[in-house]
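Hi everyone, thanks for coming.

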Amino acid sequence: MAQTVSDSNALAVSLFSEILMADQLARSRLTKALPKGMELSHFSVLNHLAHTHAEKSPAQLAKAFHVTRGAMTNTLSKLETAGYVHIRPDWDDARRKMVAISPAGQSARDAALAGIAPLLSEVVGELGENRVRGVLPVLRELRVKLEDDG
């Protein structure tokens, strides 16, 4: 039986509705599990810097997170005030800055990860590891497709 355009549209709407609702619920639960005063955006930047083990410019971070430079500058300002990142001039181009995670930022990231890891593990356990492994390639491909179209 051939799929009609309306069936295809309904499938797409259902897919994105589920993704958006899951995103909203996950953000809410993760935010509650983070240490007091830490926002999900703060954790995300700290986690990114911890994984890359390299300095990044604010522009590179904004691009990686698909946010405006202004939004990233705001997040970085809060992280710098908390002592979680070091921001220095770029020695090669004085107009730019470079951001690195500080030891306090690494500790805050680790504490946040310890707070959210049980929640994440619980959800994966309830869904089943094999099912989660099975859906990851589809979600990854969807993300890449959306990045390419952006």
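Just after helix 5, G128 takes up a positive phi of about 105 degrees; helices here are DSSP runs of H or I, at least four residues, numbered from the N terminus. Please remember that this is a predicted model, where local features need pLDDT of at least 70, side-chain atom pairs count only at pLDDT 80 or more, and totals for chains, interfaces and linings use all residues. Residues are numbered from 1 along each chain as its sequence is written, and side-chain values use heavy atoms, with hydrogens and water left out.

Back along helix 5, there is a kink of about 35 degrees at I116, shortly before the proline P118. That bend is the angle between axes fitted to the seven residues ending there and the seven starting there. I116 is also buried, as are G105, A108, R109, A112 and L119 in this helix, buried being under 20% relative accessible area with a 1.4 Å probe, protein chains only.

Now, which helix gives the most to the lining of the largest pocket? That's helix 1, with eleven residues. The lining has 41 residues in total, and D23, A26, R27, L30 and L139 lie nearest the centre. A pocket here is an open set of points on a 1 Å grid over the protein atoms alone, where a 1.4 Å probe fits, with protein on both sides within 12 Å along at least five of seven lines; lining residues have an atom within 4 Å of a point.

For the second largest pocket, helix 4 gives the most, with five residues.

How values were computed:
Helix = DSSP H or I, 4+ residues; strand = E, 2+ residues; numbered from the N terminus. Buried < 20%, exposed > 50% of the residue type's maximum accessible area, 1.4 Å probe, protein only.
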